[in-house]
Amino acid sequence: MTPDNFKYIQNLLKVHAGWDMSEDKLYILDRRLTILARQKNLSGIKELLEDIETKPKITSGELVEALAITDTTFNRDYDVFRRLEKVVLPQLKNAKKGSKRIRILSLGCSSGQEVYSMAMAINRIWGDEIYDWDIKIIGADINKKALNKAQRAKYSIFEVQQGMNIKDILANFKPIGEDWEVNNSVKKLVDFRECNIIDLMTFLDKFDLVACRNVLKYLCEEYKSDLLKKIHNFQPVGGLLYVGKNEDLSSITSGYKRINGFTCLYQSTSNAPEKNIEATNKDAIENGLEKDMPTFVRPEKL
Amino acid sequence: MKKCIIADDARVVRMVSAKILENLGFEVVEVEDGEEALEELEEKLPDLLILDWKMPVVDGIDVMRRVKKMEDGDKVKIIFCSAVCDLEKIQSVLNEGADDYIIKPFDHDIIQSKLTILGLL
């Protein structure tokens, strides 16, 4: 790919998806564009890009979709996900025991593993109580192909074995030919919608928990703060925002504050701007909890 | 350094597993049947035992039963690694005390993921 080609693609991804694609991602773009060119019976990247500029045979949308990063696994970042299951979701359950209604949104859900992972965790925590609750996890993504896979709910043996032990696989999947299909008890908790996060997005619900993991790090700064404002609009005060490992929101000075002891969990505040609060384990240690365990009491006030 | 014993009669499987585990920081001992595995186990218990199900002389389940009876044998994490995909049979292995089960074929990411879940990484 020539430098001009790269600049063209970089700009297109910024305008259409808000992605900040730095030059170190060049090899990813190169590989995916080569595959896309082959699929379109074009000789290579040069012809593919000429085609985009001159004939609308390949739309910008198709290109953005082809270049979307779809890597994901069940229970991604296992240690973080365990804390979600062991600490955050039980707190949320306790906080919502009055209404028995929970709405969760997974933005950039790709092929659905995060959404199903959360649904499986909820089934494990709630047990038979699940029948008395109204719980829905919505997965949203720009990539139609990934969403179709999510909706089919079928995964290869390689995919199911990444992030899950065999007990969870047997409890939540059944083998269908070469694939493993998610059980209905899990599927009924989830729904998927196509959505470009920078256009966002009219949801009627307020979401108690929004997972936006490994999305923000690909966005330009202006889109990042814009997206967080939009997410804030469809969360109640006290709503939880769950971001990826190493995704830093320290540039955000209003709307969310980090929950003590958690590196990936924020809580929405009233709209008034306030200083960002740094996470610390000090409170957890003073309360006699183990190092790294959160005090995490705020969700009870949801 | 954590120690792992890999017991599998297929040489290629042993080689691939050993390479992955060494890359993940394990000291690896390869054996090709259950009897050899028991000899190694009696010398020193490993942190992790990866067992094929069907092996000559002594099969994987018998090895696991013997380990469970050894002093501190319950501290050894045991992962079965087999092409057997019959759900009832897999469940029976878990009921006998296996910590996890890998359905072949597998790759680096699967082993890494399983070890993370077991707290070995």
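Is B:Glu43 buried or exposed?

## A charged surface patch on chain B

B:Glu43 is exposed: its relative accessible area is 68%, and the cut-off for exposed is over 50%. The model behind this value is predicted. B:Glu43 sits in helix H2 of chain B, which covers residues 34-43.

## Aromatic contacts in chain A

How many aromatic pairs are there over all chains? The count comes to nine. One of them joins A:Phe74 and A:Tyr155. Their ring centres lie 5.1 Å apart. Their planes meet at 75°, so the pair is edge-to-face; the cut-off for that class is over 60 degrees.

The two partners come from separate parts of chain A. A:Phe74 lies in the loop between helix H4 (60-67) and helix H5 (78-95). A:Tyr155 belongs to strand E3, residues 154-155. The pair therefore ties together parts that are 81 residues apart in sequence. Both A:Phe74 and A:Tyr155 are buried.

The pair is also part of a wider group. A:Phe74 and A:Tyr155 form one aromatic cluster with A:Tyr116, A:Phe173 and A:Phe192.

## Positive phi without glycine

Next come two backbone angles in chain A. A:Asn75 is not a glycine, yet its phi is positive, at about 45°. This residue is in the loop between H4 and H5 of chain A, the loop that also holds A:Phe74. Is A:Asn75 buried or exposed? A:Asn75 counts as buried because its relative accessibility is 7%, and buried means under 20%.

A:Asn214 is another residue other than glycine with a positive phi, here near 60°. Where is A:Asn214 found? It is in the loop of chain A between strand E7 (209-212) and helix H11 (221-233). A:Asn214 has a relative accessible area of 13%, so it is buried.

## A cis peptide bond in chain B

Which peptide bond is cis, with omega near 0°? It is the bond from B:Lys104 to B:Pro105. B:Pro105 is placed in a loop of chain B. Strand E5 (100-103) lies on one side of that loop and helix H5 (108-117) on the other.

How values were computed
Residues are numbered from 1 along each chain as its sequence is written. Chains are lettered from A and ligands numbered from 1 in the order in which they are written. This is a predicted model: local features need pLDDT of at least 70, side-chain atom pairs count only at pLDDT 80 or more; totals for chains, interfaces and linings use all residues. Side-chain values use heavy atoms; hydrogens and water are left out. Helices (H or I, at least four residues) and strands (E, at least two) are DSSP runs, numbered from the N terminus. Buried means under 20% relative accessible area, exposed over 50%, partly exposed in between (1.4 Å probe, protein chains only). Rings of Phe, Tyr and Trp (its six-membered ring) pair if their centres lie within 6.5 Å; planes under 30 degrees apart count as stacked, over 60 as edge-to-face and the rest as tilted.
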